[in-house]
Amino acid sequence: MNQKNVVLAAALALLMIVSLLALPFTVRAEADQAQETKENAEESAEAMSEETSEESEEEEKPRWEVPDPKPVLLAVSFGTSFNDNRPKTIGAVEKALAEAFPDYEVRRGFTSQIIIDHIMVRDGERIDTVTQALYRLLADGVKDVLVVPTHVMEGFEYDDVLKELTPFVDKFNSMKVSRALCVSDDDFDKLSDILVEQTKDADEEGTAIVWMGHGTAHEANATYGKLDKLFHDKGHANYFVGTVEGTPTLDDVLKEVQAGSYKKVVMLPLMIVAGDHANNDMAGDEEDSWKSTFTAAGYEVECRIEGMGSYPAVQQMIVEHAKAAEPFSGVKTEGEKEDSEAKEGPVTGDQLVDGDYEIEVESSSSMFNIVKALLHVKDGKMTCDMTMSGQGYLYLFMGTGEEAAKATEDQYIPFQEIDDAHVFTVPVEALNQDIDCAAFSKKKEQWYDRTLVFSAKMLPAEAHK
């Protein structure tokens, strides 16, 4: 064996000796590692067992629940298709409501189907009607709803909103509805001050400020005449109110302005939005527009295209009405109204305590509109001072027109002129029952049959014996 082979054999022998010496340590390390792995596995299994046990207990309880949807405030407006004005007026009102009712989701509904369709066809934007909005609320699981109409008065549009709401009353836990913008005396007082403040920059000598309202055949049309009178009572003789489709008419307003020494006329819409009526009927270039009519009469005319919904103070009025909203139980049908009146029964003077009481008088004709009624009770007898919305009647007769034509003039009831209004004082046989009344028209010079109901529903409890 040569020297090279001897060295190689010695190296192999040394390697074997080292391997044998290291074997116990390797086996011990592997055993320790195996033991550790076993212990870790047992701990993991125990932990998993505990978690599984806890989960089993938790499964007996709901893991999660779907929270009830927020109550919804449904802001109902007539609507406008003028995209530039809608966010400034309706949108601004809705924003004010959202800020005042942070716990509510504010949604939108329009009452004008024509406007809804126009926006959908032109812009592809879907806006719900009141009925569609209510169905959507039900589908979303909403339980409580506050409906806030933004209408100026409680005319046909407002009445229709209430009718649409009625079938849904029992489908929600609660439903409240607020009043229109201008209903109570306090509303009139606030709104007149707001409109004066809004136009104070134009309120100067020689300038007439004309507010153009929509107008309606509804008895609520009396709102315009009342607001016009209030302006004048407060010393704002240069403020006038007219309507597009009711009274006072454009001709009425023009005559009033011409009776003064005015050189300029500033026009504004007495509407929540400045839409079609404001842009066309008021400020349009057509020959029969308000602007053209006053221009032709020799006046300098300035038209302000701004809806009342853009006025923060008007927004606040709507917010206040929303906060004062009352539970809504639905609108009675004519049959239900008759049943209710039948249950109430007639109320005679001897059933009431002597005193003066504000009441409501319902008329069979919208042309015979009573804006205020004061009932006087004394010694079992009743009379009522009825303030009329216009001055079209000279006499009243408690009976039919045929009977009035046969009566003598001393049996007729003349009007008294109080604060430029016609007031008739009539005897009242009983409340809550139909009473025949004939009215003599100044213009037509003939008698017209009317049926009046002097309602007892506004009487305070202490008025009854």
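Five strands build an open sheet in the order 11-19-18-14-15, with antiparallel pairing. Strand 11 (360–363) and strand 15 (413–414) are the edge strands, each pairing on one side only. The model is predicted: local features need pLDDT of at least 70, side-chain atom pairs count only at pLDDT 80 or more, and totals for chains, interfaces and linings use all residues. Residues are numbered from 1 along each chain as its sequence is written, and side-chain values use heavy atoms, without hydrogens and water. Strands (E, at least two residues) and helices (H or I, at least four) are DSSP runs, numbered from the N terminus. Two strands count as paired if DSSP finds at least two bridges between them.

Strand 14 (residues 393–397) is joined to strand 15 by two bridges, and the two run antiparallel. Leu396 has Ile413 in strand 15 as its bridge partner. Further pairing involves strand 12 (residues 370–378), which four bridges join to strand 10 (residues 355–358) in an antiparallel run. Here Gly355 is partnered by Val377 of strand 12. Eight bridges join strand 12 to strand 13, again antiparallel. Lys378 stands opposite Lys381 in strand 13.

Thr383 is partly exposed, at a relative accessible area of 31%. Buried means under 20% relative accessible area, exposed over 50%, and partly exposed in between (1.4 Å probe, protein chains only). Thr383 and Glu429 are 46 residues apart in sequence, yet 8.4 Å apart in space, C-alpha to C-alpha.

Backbone geometry stands out at several loop positions. Asp420 has a phi near 65°, a positive value in a residue other than glycine. Asp420 sits in the loop between strand 16 (416–418) and strand 17 (421–427) and is exposed, with a relative accessible area of 60%. Glu445 is not a glycine either, but its phi is positive at about 55°. Glu445 lies in the loop between strand 18 and strand 19 (447–455) and is exposed at 61%. A cis peptide bond joins Thr247 and Pro248, with omega about 0°. Pro248 belongs to the loop between strand 6 (239–243) and helix 8 (250–258).

The structure holds 20 salt bridges. A salt bridge is a side-chain nitrogen of Lys or Arg within 4 Å of a carboxyl oxygen of Asp or Glu. Glu94 counts as buried at 12% relative accessibility, whereas Arg108 is partly exposed at 24%. Asp140 and Arg107 form another salt bridge, their closest N and O atoms being 2.9 Å apart. Asp140 lies in the loop between helix 4 (130–139) and strand 3 (144–149) and Arg107 in strand 2, so this pair ties together parts that are 33 residues apart in sequence. Asp140 is partly exposed at 38%; Arg107 counts as buried at 17%. Asp193 forms a salt bridge with Lys234, the closest N and O atoms being 2.8 Å apart. Asp193 lies in helix 6 (residues 185–198) and Lys234 in the loop between helix 7 (222–233) and strand 6, so parts 41 residues apart in sequence are tied together.
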